[in-house]
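Hi everyone, thanks for coming. Let's take a few minutes to look at one structure together. Please have a look at the screen first.

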Amino acid sequence: MSLVTDSPVWRPFTQHALQPGAYKIAHAEGAWLTAEDGTRFLDAISSWWVITHGHRHPEIMAAIRQQTETLDQIIFAGFTHEPAEALARRLVEITPEGLDYVFYSDSGSTAVEVAIKMALGYWRNRGLSRRRVIAMEHAYHGDTVGTMSAGARSVFNAPYEPLLFDVARVPFPGRGAEQATFDALEAFCRDGAAAFIVEPLILGAGGMLTYGAPVLAEMKRICETHGVLFIADEVMTGFGRTGTLFACEQAGIVPDIACYSKGLTGGSVPLAVTMCRREIYDAHYAPERARAFFHSSSFTANPIGCAAALANLGIWEKADARARVAQLAAMQAERASRFVDDPRFSAVRHLGTIVALDLDVAHSGYASTLSLDLMRFFNARGLLLRPLGPTIYVLPPYCVTAGELDGVYEAIGAAANQFASRAV
Ligand SMILES: *Cc1c(COP(=O)(O)O)cnc(C)c1O
């Protein structure tokens with residue numbers, strides 16, 4: 001297997017001293033990546049959670065090609081274009097009722113930065129000094145300084161710690177411990193916080209930790225009682241990943257602000273939106289320029305990205321996209337259930353199209369390089385899996401077949417035999 005090693009590229013989340021090489025992918029299609037030398041990898045994590053229907057969905061590729069015939073980037077202040085207008089109207093229709101305004105940016109991190117800035121602007125423009133942000137233990141909201149501040153403190157952001165702003169932190173609502181989360185949230189809300197930001201139903205980078213829809217609904221109720229803005233970071237959960245189009249639907253809640261990115265274009269090209277209720281837009285609407293929302297990305301509402309997103313929404317309009325997600329969810333549930341009583345694993349969890357389980361490595365001494373060793377083990381078997389520490393998760397594109405999934409779980413079983421403390 002040929003690895004690119006001599007390269008000026010500095011890759012993300014990579015310790016180059018431990019991972020000197022990278023596979024050079026020449027072709028992507030459906031659930032598969034093919035390297036230059038012909039080696040194939042099943043993309044069982046949807047290329048870092050972005051690909052939804054599958055790589056290079058024909059309708060999305062066609063929409064991108066067609067859009068390049070008429071528009072590239074267009075300044076978005078004082079000017080607009082049909083792809084952005086049409087997409088905004090469609091997003092208002094399909095997202096939870098009440099999210100009436102759409103602010104465009106270009107990544108999940110910027111969507112969250114925008115959400116936090118909107119929330120603070122809302123309070124400031126109303127003449128109230130609410131500034132505190134509440135976030136959840138183990139949260140991940142992005143890698144910019146603001147989003148790292150809302151995210152969990154860890155080895156990933158330790159060097160920047162002095163720059164991160166302080167947030168109020170509620171404990172993760174583990175099963176049976178939900179009341180502690182509610183009590184902490186209530187106390188911070190009573191103190192007059194500006195907003196609570198949370199990943200609905202599943203914390204992604206924090207370890208694919210799940211909690212129930214009733215917990216999400218109760219957290220929303222607490223925020224509402226105290227007038228604290230509720231920000232749903234649906235960057236990972238949006239567009240079918242949790243079994244419904246949006247995770248908030250399962251709790252029957254409408255956030256005050258919602259962030260969408262990864263699956264917005266089916267994962268094909270970068271685009272993000274932050275959507276909000278009318279009151280938040282209205283708080284910035286005034287004759288004074290100083291009350292405007294001062295944020296812009298150079299590539300705001302990129303027409304090609306908007307065209308890709310419109311094509312993606314077109315795919316969701318057809319019944320078979322939702323049927324496909326339901327079918328994948330059922331296939332995943334069935335495979336997850338096989339590991340429930342397996343002593344090599346703990347905390348087997350399933351939510352929609354996602355399965356996660358923790359390898360029991362309590363006394364193995366693999367701790368620091370375990371995820372790298374596992375990754376190499378899977379790569380050598382033609383599988384793209386990237387465990388988060390001992391947590392192995394399967395988050396495939398929706399086009400994955402039952403046979404392909406079986407291959408993934410066979411490899412996970414084989415990995416457990418090699419790495420788990422209680423290998424069989
Ligand atoms: C990936 C992710 C982000 C950051 O998105 P980027 O596009 O990588 O900046 C934010 N929030 C959540 C929940 C994510 O999973």
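Let's begin with H11 and H13, which are roughly parallel to each other, because angles under 35 degrees count as roughly parallel. Before I go on: this is a predicted model, where local features need pLDDT of at least 70 and side-chain atom pairs count only at pLDDT 80 or more, while totals for chains, interfaces and linings use all residues. Residues are numbered from 1 along each chain as its sequence is written, and side-chain values use heavy atoms, leaving out hydrogens and water.

Helices here are DSSP runs of H or I with at least four residues, numbered from the N terminus. H11 covers residues 319-337 and H13 residues 402-419; they pack at about 30°, with axes 11 Å apart. Axes are lines fitted to C-alpha atoms over the stretch in contact, and angles run from 0 to 180 degrees between N-to-C directions. Leu328, Met331, Gln332 and Arg335 in H11 meet Ala402, Leu405, Asp406 and Tyr409 in H13, where contact means heavy atoms within 4.5 Å.

Now the other pair. The axes of H6 (residues 178-190) and H7 (residues 213-225) come within 9 Å and cross at roughly 20°, so H6 and H7 are also roughly parallel to each other.

Finally, which polar atoms sit 2.6 Å and 2.7 Å from an oxygen atom of the ligand? A polar side-chain atom of Ser109 is at 2.6 Å, and an N or O atom in the side chain of Lys262 is at 2.7 Å. A polar backbone atom of Gly108 lies 2.8 Å from a ligand oxygen atom.

Notes:
Helix = DSSP H or I, 4+ residues; strand = E, 2+ residues; numbered from the N terminus. Parallel < 35°, antiparallel > 145°, perpendicular 65-115°, else oblique. Polar contact = N/O pair within 3.5 Å; in protein donor to acceptor, adjacent residues only side chain to side chain.
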